[in-house]
Amino acid sequence: MARRVRTIDDGEEIFPGVRASFAPEHTVGHTTYTITGGDRRLIAFGDALHSPVQVTHPEWSCGIDHDPAESAAAWSN
């Protein structure tokens, strides 16, 4: 059977123009993806924010974050 899972390193370009960055302060295994093309960039981060209020108050972490203080610091930078 062909291998279907491939492990990656933090910061690795997994496809041309797609770079993975680990965000373990949220949930274990959480990864963001930076997608670039030409002069444009999109950062896809999935469930990093759990409530609309976190857009204006990123320091208000969700109770399921692995490290709430580190999570808040990551989005406040």
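Predicted model: local features only at pLDDT ≥ 70, side-chain atom pairs only at ≥ 80, totals over all residues.
**Chatting through a β-β-β-β-α-α chain**

Visitor: What pattern does the protein chain follow along the sequence?
Guide: Reading along, you get β-β-β-β-α-α, with 4 strands and 2 helices in the protein chain. Those are DSSP runs numbered from the N terminus: helices are H or I with at least four residues, strands are E with at least two.

Visitor: OK, where does Thr-32 sit?
Guide: Thr-32 is in strand E3, residues 31–37.

Visitor: Buried or exposed?
Guide: Thr-32 counts as buried because its relative accessibility is 11%. Buried means under 20% relative accessible area, exposed over 50%, partly exposed in between (1.4 Å probe, protein chains only).

Visitor: Which residues is Thr-32 in contact with?
Guide: Setting aside neighbours within four places in sequence, Thr-32 contacts Arg-19, Ala-20, Ser-21, Ala-23, Ala-44 and Phe-45. Contact here is heavy atoms within 4.5 Å.

Visitor: Switching to E3 and E4: how many bridges?
Guide: They pair antiparallel over 5 bridges; DSSP has to find at least two for strands to pair. Tyr-33 stands opposite Ala-44 in E4. The two strands make a hairpin with 2 residues between them, and Gly-38 in the turn has a positive phi of about 65°.

Visitor: Why does E4 lie largely in the open?
Guide: Of its 5 residues (40–44), the number buried is 0, so E4 is largely in the open.

Note on methods
Residues numbered from 1 in each chain as written. Heavy atoms only, no water.
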